[in-house]
Amino acid sequence: MPTLNKRYNQETTQVEQEESHWYALKVFFNKVFDVEETLNGYGISTYIPCETQGNGHERKPMINSLIFFRSSPAFAQRVNTLLYNKAFVYTSCTDMGKKPYPIPEKEMNIFMLVCSSGESGLEYFGADDSFFRKGDRVKVVDGVFKGAEGYIRRIRGNRRLFVSIHGVCAVATSYIPQCFLRKIQNA
């Protein structure tokens with residue numbers, strides 16, 4: 001019988017990994033590292049947009065109250081209970097009520113690419129998608145942000161790329177030269 005349980009657990013783990021998505025958490029009292037530690041204790045992968053300070057070992061969150069985690073939809077449903085009074089999961093409304101909002105893989109990968117670039121001059125914003133989705137949709141074809149996709153806006157005279165996670169947040173890069181950008185058609 002133990003072999004059957006072991007096999008079932010392996011299959012369940014494999015199914016959960018295949019069905020896992022990124023989700024966002026709004027964290028109270030700027031305790032992102034405490035929440036990260038709790039989620040890691042459950043074996044959940046996390047991502048906090050951070051910059052390093054001092055000797056390169058101290059992390060400072062770029063958005064004090066935001067953490068991303070990758071899990072199965074079932075675990076994401078339980079997170080609000082597990083982290084009661086510490087954080088809540090961003091949700092979307094469906095015909096069956098509210099459920100945790102899964103962040104598309106491509107959107108999350110581009111966001112992590114930009115946030116983890118180590119470039120200075122990045123600016124983070126709240127969830128006002130209408131502002132960030134104006135302008136031409138482009139792909140960066142060269143430079144530090146190569147592969148990133150988003151919308152171009154001029155801010156203080158500079159052409160900047162906005163990469164957003166719908167309903168959660170956005171990040172604006174520093175200046176990107178025109179020759180590094182290719183317009184995405186039919187976007």
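This is a predicted model: local features need pLDDT of at least 70, side-chain atom pairs count only at pLDDT 80 or more; totals for chains, interfaces and linings use all residues.

Reader: Glad to begin there. Is Phe-29 buried or exposed?

Author: Residues are numbered from 1 along each chain as its sequence is written, and side-chain values use heavy atoms, leaving out hydrogens and water. The scale for burial is relative accessible area: buried is under 20%, exposed is over 50%, and partly exposed is in between, with a 1.4 Å probe and protein chains only. Phe-29 has 69% relative accessibility, so this residue counts as exposed.

Reader: What kind of aromatic pair do Phe-28 and Phe-29 make?

Author: Rings of Phe, Tyr and Trp (its six-membered ring) pair if their centres lie within 6.5 Å; planes under 30 degrees apart are stacked, over 60 edge-to-face, and the rest tilted. The count by this rule is eight aromatic pairs. For Phe-28 and Phe-29 the ring centres are 6.5 Å apart and the planes stand at 70 degrees, so the pair is edge-to-face.

Reader: How many helices and strands does the protein have?

Author: Helices (H or I, at least four residues) and strands (E, at least two) are DSSP runs, numbered from the N terminus. The protein has 187 residues, of which 39% count as buried. Its secondary structure comes to five helices and 14 strands.

Reader: In what order do the four strands of the open sheet run?

Author: Two strands pair if DSSP finds at least two bridges between them. In this sheet the pairing is antiparallel, and the order is 2-5-1-6. Each edge strand pairs on one side only, and these are strand 2 (45-47) and strand 6 (87-89).

Reader: What angle does helix 3 make with strand 5?

Author: Strand 2 and strand 5 run antiparallel and are joined by three bridges, and Tyr-47 stands opposite Phe-68 in strand 5. Helix 3 (residues 73-82) packs on this sheet, touching strand 1 (21-27), strand 5 and strand 6. Axes are lines fitted to C-alpha atoms, for helices over the stretch in contact, with angles from 0 to 180 degrees between N-to-C directions. The direction of helix 3 makes with that of strand 5 an angle of about 140 degrees.

Reader: Which side chain makes a polar contact of 2.8 Å with that of Arg-70?

Author: Arg-70 lies in strand 5 (residues 66-71) and is partly exposed, with a relative accessible area of 24%. A polar contact is a pair of N or O atoms within 3.5 Å; within protein, one must be able to donate a hydrogen and the other to accept it, and residues adjacent in sequence count only if both atoms are side-chain atoms. The side chain of Arg-70 makes such a contact with that of Ser-20 at 3.2 Å. The polar contact of 2.8 Å is with the side chain of Glu-105.

Reader: Which residues does Glu-36 touch, beyond those up to four places away in sequence?

Author: Glu-36 lies in helix 2 (residues 32-41) and is buried, with a relative accessible area of 12%. Contact means heavy atoms within 4.5 Å. Glu-36 touches Thr-46, Ile-48, Arg-59 and Ile-67.

Reader: And in the open sheet of six strands, which are the edge strands?

Author: The six strands follow the order 9-13-12-11-10-14, with antiparallel pairing. Each edge strand pairs on one side only, and these are strand 9 (123-125) and strand 14 (181-183).

Reader: Which residue is the bridge partner of Phe-125?

Author: Strand 9 and strand 13 (residues 169-172) pair in the antiparallel sense over three bridges. In strand 13, the bridge partner of Phe-125 is Ala-170.
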